[in-house]
Amino acid sequence: MRITFIGGGNMATAMIGGMVARGFAGNEIHVIEPDAAKRVQLNADFGVSVSAPDEALPASDAVVFAIKPQQFRAVAASIAPQLGDALVVSIAAGIRCDAIGRWLGGTERIIRVMPNTPALVQAGIAGAYAAPATGEADRTLATRILESTGEIVWVDDESDLDGVTAISGSGPAYVFYFIESLQAAARAQGFDTETARRLAYQTFAGAVKLAQQSDDDAATLRQKVTSKGGTTERAINALENSQVRSTIIAAASAAAARSKELGDELGRDAD
């Protein structure tokens, strides 16, 4: 077994660390990375083999493209002649399977993934789509790789990844925005910065933990906190009057639309 990563950035490093922690041997993982210092660090931290981009691609069961979307076409041109029968796993945002296949010389065994930044602390959730030519063994291998940084949701239609991008891919920014706002609200109530931070962060973390461990859905949990005529009801009414719910839905729709646009733009063959 050998999994080769093209790129050793933060997301790839998180995946590699998670894979090693979950039982992959260091000698089962290879990383192609242009930065010499990063190569040394990856080898020291995880015992993986490393090489520069101008060196030959080792024979691999899967090749994970963990690079910026704008780099994909050029990198694919250098990798295609060496790819062999490896499964292709792409975490490059926006690049669709048809473009990946063209740029890699017609390969069809492709799994496209949309991870999110909590993967950096092994708390992510990734959406994944498997092209029709992939088999059950391909999905199983991809699942082993992707579960190294959190949960995985498989979608049946590649276009559903635009929705995954809108909800979980961009979603951490929405959460940070809400935490930031709650912290600002605490400051407005007269709390110092550190106390405001603690109140906002732990309130959010505790609420998520309660929701995850409860049999109730989020709406029911909210109703249980919202006593009639109480402080929470007043706050929720203010949020509803400001159309916060519909604004969040509209924001996610805007993100999904932009994800589709980027896919159209990034997948063009013309420069």
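**Entry 1: the second largest pocket**

I sorted the lining of the second largest pocket by class and got 15 nonpolar, 9 polar and 2 charged residues. (Ala, Val, Leu, Ile, Met, Phe, Trp, Tyr, Cys and Pro count as nonpolar, Asp, Glu, Lys and Arg as charged, and the others, Gly among them, as polar.) Of the 26 lining residues, Gly 9, Ala 66, Ile 67, Lys 68 and Gln 71 lie nearest the centre. (On a 1 Å grid over the protein atoms alone, a pocket is an open set of points where a 1.4 Å probe fits, with protein on both sides within 12 Å along at least five of seven lines; lining residues have an atom within 4 Å of a point.)

I kept in mind that this is a predicted model, where local features need pLDDT of at least 70, side-chain atom pairs count only at pLDDT 80 or more, and totals for chains, interfaces and linings use all residues. Residues are numbered from 1 along each chain as its sequence is written, and side-chain values use heavy atoms, without hydrogens and water.

**Entry 2: the largest pocket**

Next I looked up the lining of the largest pocket, which has 31 nonpolar, 10 polar and 5 charged residues. Val 175, Phe 178, Phe 204, Ala 207 and Val 208 are the closest to its centre. Which element gives the largest share of this lining? I found that α7 does, with 11 residues. (Helices are DSSP runs of H or I, at least four residues, numbered from the N terminus.)

**Entry 3: α6 and α7**

I then followed α7 (residues 171-188) to its packing with α6 (residues 160-169). Ala 166, Ile 167, Ser 168 and Gly 169 of α6 meet Gly 171, Pro 172 and Tyr 174 of α7 (contact means heavy atoms within 4.5 Å).

Note on methods: Axes fitted to C-alpha atoms, helices over the stretch in contact; angles between N-to-C directions. Helix = DSSP H or I, 4+ residues; strand = E, 2+ residues; numbered from the N terminus.
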